[in-house]
Amino acid sequence: MLPYATAAEAALGRAMTPAEALWFRYTAGVSDYHLYCCNILFLFVVFTVAPLPFALLELRAPDAVSPYKLQPRVRLSRAEFVRCYKDVLRIFFLVIGPLQLVSFPMVKLVGIHTKLPLPSLAEMAAQLLVYFLVEDYLNYWIHRLLHGEWGYQKIHCVHHEFTAPIGFAAPYAHWAEVLILGIPSFIGPAIAPGHMITFWLWIILRQVEAIETHSGFDFPFTPTKYIPFYGGAEYHDYHHYVGGQSQSNFASVFTYCDYLYGTDRGYRFHKAYLAKLKDLGQNDGKKGDGNGLSYVKLD
């Protein structure tokens with residue numbers, strides 16, 4: 001009988017790459033269900049670690065980062081940060097974790113797999129682009145519906161408790177919203193199923209993006225500024241500042257839907273207003289001061 005590694009290489013028709021050999025050794029005695037459940041660990045780490053730099057900057061060096069804070073006059077206490085994180089963990093253990101545990105049959109049904117060969121970087125990039133575009137389009141319409149009177153009062157208002165968002169508040173939401181918005185995140189992988197590693201990377205990148213978008217900071221050196229049509233923190237911060245009455249900036253990642261359907265008009269007017277103030281020498285140079293002078297509540 002051939003050794004398992006030799007049999008795997010025979011099936012591939014070539015020698016395994018170092019990455020494939022590592023994956024083969026790791027997964028040889030591990031079930032697909034176990035691999036899928038690693039999502040729970042990844043989400044826990046991302047929810048805990050990714051927002052920390054933003055939180056530490058705001059709590060430990062507020063004056064130094066004030067020029068980059070979108071609403072610098074809004075300063076949350078350490079207790080408020082801790083409360084937000086504890087509420088996120090409560091939803092994580094009561095909703096997100098159990099949902100991951102029971103959704104494995106759907107993952108297998110759509111064709112997400114753990115087999116060799118591993119996907120190429122080009123294949124992963126193409127699939128991730130599909131996932132982001134599909135999720136972004138569906139999330140736009142769900143988010144827009146949640147800003148209807150019933151949806152906002154019953155569900156979405158929880159997420160908008162933070163009018164000046166922070167990184168820890170990205171997954172801070174009503175349990176029903178967590179379930180509803182989980183659907184667009186899965187549709188892309190269902191349309192273009194790939195390897196489990198690609199699925200892991202999708203889950204991680206989407207959450208990191210949401211945390212960066214909710215960070216409350218607009219740093220000039222942020223790499224995402226170079227991504228075409230990317231919304232970012234400043235774009236989404238306006239949506240939170242306007243709050244429940246907002247009919248603007250529904251996009252979760254990219255801004256094309258807001259542009260196509262005209263739901264960025266208030267934001268564009270706001271930007272033009274700030275530019276005019278700057279030209280007149282009336283703007284103090286801050287991105288937004290949280291007092292209604294730099295942010296214009298139009299829709």
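**Stop one: a nonpolar patch**

Select helix H7 (78-102) and helix H11 (175-191): each of them supplies at least two residues of the nonpolar patch. Helices here are DSSP runs (H or I, at least four residues), numbered from the N terminus. You're looking at a predicted model, where local features need pLDDT of at least 70, side-chain atom pairs count only at pLDDT 80 or more, and totals for chains, interfaces and linings use all residues. Residues are numbered from 1 along each chain as its sequence is written, and side-chain values use heavy atoms, with hydrogens and water left out.

Now pick Tyr-33, Leu-99, Leu-101, Val-102, Trp-175 and Leu-179, which make a nonpolar surface patch of about 550 Å². H7 gives the largest share, three residues. Click on Leu-99, which sits in helix H7. Leu-99 counts as partly exposed because its relative accessibility is 34% (partly exposed lies between buried, under 20%, and exposed, over 50%, with a 1.4 Å probe and protein chains only).

**Stop two: His-236**

Next, jump to helix H13 (residues 232-242), where you'll find His-236. Is His-236 buried or exposed? With a relative accessible area of 7%, His-236 is buried.

Show the neighbours: leaving out residues up to four places away in sequence, His-236 touches His-143, His-159, Thr-213, His-214, Asn-249 and Ala-251 (a contact means heavy atoms within 4.5 Å).

**Last stop: a wider view**

Finally, select residues 129-263: the chain there is 56% helix and 0% strand, with its end C-alpha atoms 23 Å apart.

Definitions and conventions: Patches are made of residues with over 30% relative accessible area and no salt bridge: like charges are joined within 9 Å, nonpolar side chains (Val, Leu, Ile, Met, Phe, Trp, Tyr) within 5 Å. Accessible areas come from the Shrake-Rupley method with a 1.4 Å probe; for residues, only the protein chains shown count as cover. A salt bridge is a side-chain nitrogen of Lys or Arg within 4 Å of a carboxyl oxygen of Asp or Glu.
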